[in-house]
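This briefing is meant to be read beside the sequence and the model. It takes up helix packing, nonpolar cores, backbone geometry and charged pairs in turn.

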Amino acid sequence: MESRFPNRLLPYLLVLPSLVVVLVFLIVPSIQSFYLSLFRVSPFGNVLIFKGLRNFVTLLGDPAYLNSLIRSFFFTGFIVVVGLSVSLGLAVLANLPLAGVDIYRTALIWPFALSPAVAGTIWALLVDPSTGPITYLVERATGMRINWMTNGDLALLIVTAAATWKMLGYNVIFFLAGLQNVPKELLEAAHMDGAGTFQRFWKVTFPLLSPTTFFLFIMNSLYGFFEVFGLIDVMTQGGPGKATDILVYKLYEDGFVNFRTGYASAQSIVLFVFVAILTILQFRFAGRKVFYR
C-alpha cells in the first residue's frame, strides 16, 4: 500500500509544536512542582530543606485545605449542574425561529468573551452592598439588605453565580451548534408517532446532544477547578472568612502570599492528580451514556 505521507518525518514535524507546548507548559512545570513539594523552601528560594512526603501529610490533615476542598466541590458542582441546565435552556430558546434571533444569540454568547477579572468586576458592582442595582432590587422586593462582603455563604453563592454566568456563552455556543445538527426527519417522525414537545426533546434531541453535553461536562469541571482565579481575586480574594478560598486560590495564597513554596507545590500536585482522576472517572462512567450517531 502506498504511503499517504511520502516523507515519513512530516507527521512528526506537524505534531512537534503541540508536543513542545505540552512539554514546556505542563510536563516540565509538573516535574518541578513535584520536586519542590519534597522540600521546605525559603522565601527567596535559595535554601531547600528535605521533608519527603511530610508536605502531603500535613496538607491532607489541614482543616483549611479540607475547607477549600469542600467549597471547591460545591463551586464546581454548581457550575456544572446549574450552568449546563441553564445553558441548554437558553440554547433551545435561541434555536427558535424568532425575529431578531441573531441579536439574542450574540447577547447570550458575549459573556464568554470577557476576561475573568472583567466578569468579576461587573458582578462586584452589580451586588455592591451600597450601590449595586441587584442589591437595591432585592431590598425593594424583600425588605432585606444583602451584604455578601460579611456573609460567607452568600459570598460563595454570588461568586459561584458569577463564574457560572461567565461560562454560559461557551456552553450556549456548543449546545446551539448541536441543536442545529439534530436531523429534522427524526423530530418529524417522532411527532407523527404522537410524541409531544417534551417527549421529542427528551427522547430524540437530548440523546443526540449527549456527546456535546459530555464534552461540556468535562470542560466546565476543569473550568471550575482551574480557571476562576481572576474572578475570585477581584471579587472576594478568598473571603470573607475563607468562604470563597477554593483550591486554586488557596494554592496562590500559600505560594505567592505566604511564600510556602513547598507546601503550595504539594497542593498543585494533589490538585492535578485529583482532577485527572475525576476526569478519568467521568470518561469511565458518564461516557457510557454518550450516544454517537
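**Charged pairs, cores and backbone**

Glutamate 139 is partly exposed, at a relative accessible area of 29%, where buried means under 20% relative accessible area, exposed over 50% and partly exposed in between (1.4 Å probe, protein chains only). The model is a predicted one, in which local features need pLDDT of at least 70 and side-chain atom pairs count only at pLDDT 80 or more, whereas totals for chains, interfaces and linings use all residues. Residues are numbered from 1 along each chain as its sequence is written, and side-chain values use heavy atoms, with hydrogens and water left out.

**Salt bridges**

- The structure holds four salt bridges, each being a side-chain nitrogen of Lys or Arg within 4 Å of a carboxyl oxygen of Asp or Glu.
- In one of them glutamate 139 meets the side chain of arginine 145, at 2.4 Å from N to O, and arginine 145 is partly exposed at 46% relative accessibility.
- Another joins glutamate 253 to lysine 242 at 3.3 Å, N to O; glutamate 253 lies in helix H12 and lysine 242 in the loop between H11 and H12, so the pair ties together parts that are 11 residues apart in sequence.
- Within that pair, glutamate 253 is buried at a relative accessible area of 14%, while lysine 242 is partly exposed at 44%.
- Arginine 105 forms a salt bridge with aspartate 102, with the closest N and O atoms 3.9 Å apart; the two residues are three apart in helix H4 (residues 101-109) and are therefore separated by about one helical turn.
- Aspartate 102 counts as exposed, with 52% relative accessibility.

**Helix H10 and its packing**

- Helix H10 spans residues 210-226, and its 17 residues reach 24 Å from the first C-alpha to the last, close to the 24 Å expected at 1.5 Å a residue; the expected span is 1.5 Å times one less than the number of residues.
- Helices here are DSSP runs (H or I, at least four residues), numbered from the N terminus.
- Among the buried residues of H10 are Phe214, Leu216, Ile218, Tyr223 and Phe225.
- The buried residues of H10 pack against helices H3 (63-94), H7 (152-180), H9 (197-208), H12 (247-257) and H13 (261-285), contact meaning heavy atoms within 4.5 Å.

**Nonpolar cores**

- A nonpolar core is a set of buried Ala, Val, Leu, Ile, Met, Phe, Trp, Tyr and Cys residues joined through side-chain atoms within 4.5 Å.
- In the largest such core, which has 31 residues, Phe75, Ala163, Val228, Leu231 and Met235 touch the most other members.
- H3, H5 (116-126), H7, H10, H11 (229-235) and H12 each supply at least two residues of this core, and H7 gives the largest share, 10 residues.
- A second, separate core of 10 residues includes Tyr65, Phe225, Ala266 and Val275.
- Tyrosine 65, found in helix H3, is buried at 3% relative accessibility and touches Leu59, Leu247, Lys250, Gln267 and Val270, not counting residues up to four places away in sequence.

**Backbone geometry**

- Most residues other than glycine have a negative phi, and most peptide bonds are trans.
- Glycine 239 and proline 240 are joined by a cis peptide bond, with omega about -10°, and proline 240 is placed in the loop between H11 and H12.
- Lysine 242, although not a glycine, has a positive phi of about 65°.
- Phenylalanine 259, which is not a glycine, has a positive phi of about 55° and sits in the loop between H12 and H13.
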